[in-house]
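Visitor: Could you take me on a close look at a single part of this model, and show me how it sits among its neighbours?

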Amino acid sequence: MSMSESRSSFHPFVSIIIPVYKGEDFMAEAIDSALAQTYPNFEVVVVNDGSTDGGATERVALSYGDKIRYFSKPNGGVATALNMAIAQMKGEYASWLSHDDLYTPEKLERQVRFLETLPVA
């Protein structure tokens, strides 16, 4: 695509990645905010970084069924959870959502719209 071509149909697949450790208290709200995006072309990847909460974090994640992709690993810190999510993601772009944070519904839509304004290399 040349710089002069329109990118109005630019809809890259975006992976929202959520690394989590002991996230049972807030993770559902984070996942709900991710799933409520107005941008249609995305996935949610949750990586449990070895939570020691009796399975509570895993139960929350698994309650979403096939609405998310869930992975679990031994505890190694947020960087290792992010690395696993990046290795597993299917998107062209990654968007990091902390398990105790929220996205506004238009977050991805606004970010992709901004990407459309950038020149194509």
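**A strand and its surroundings**

Guide: Gladly! In this predicted model, the largest nonpolar core has 22 residues, and Ile16, Val44, Val46 and Ile68 are the ones that touch the most other members. At least two residues of this core come from each of strand S1 (14-20), helix H1 (27-35), strand S2 (42-49), helix H2 (56-62) and helix H4 (107-116). Apart from this core lies another one, of seven residues, including Val45, Val47, Leu82 and Ala85.

Let's stay with S1. Seven of its seven residues are buried. In a regular strand, side chains alternate between the two faces of the sheet. Here both faces of S1 are covered: Val14, Ile16, Ile18 and Val20 are buried on one side, and Ser15, Ile17 and Pro19 on the other.

S1 has strand partners too. With S2, S1 pairs in the parallel sense over seven bridges, and Val14 stands opposite Phe42 of S2. The chain gets from S1 to S2 by way of H1, in a right-handed β-α-β crossover. S1 also pairs in the parallel sense with strand S4 (residues 93-96), over four bridges; there, Ser95 is the bridge partner of Ile16.

Leaving aside residues up to four places away in sequence, Ile16 touches, among others, Ala34, Phe42, Val44, Leu97, Tyr103 and Leu108.

One last stop is Asp49, in strand S2. Asp49 counts as buried because its relative accessibility is 3%, under the 20% cut-off. Among its contacts beyond four places in sequence are Val20, Tyr21, Lys73, Asn75 and Thr80.

Note on methods: Residues are numbered from 1 along each chain as its sequence is written. This is a predicted model: local features need pLDDT of at least 70, side-chain atom pairs count only at pLDDT 80 or more; totals for chains, interfaces and linings use all residues. Side-chain values use heavy atoms; hydrogens and water are left out. A nonpolar core is a set of buried Ala, Val, Leu, Ile, Met, Phe, Trp, Tyr and Cys residues joined through side-chain atoms within 4.5 Å. Buried means under 20% relative accessible area, exposed over 50%, partly exposed in between (1.4 Å probe, protein chains only). Contact means heavy atoms within 4.5 Å. Two strands pair if DSSP finds at least two bridges between them. A crossover is right-handed if, with the strands pointing away from the viewer, the path from the first strand over the helix to the second runs clockwise.
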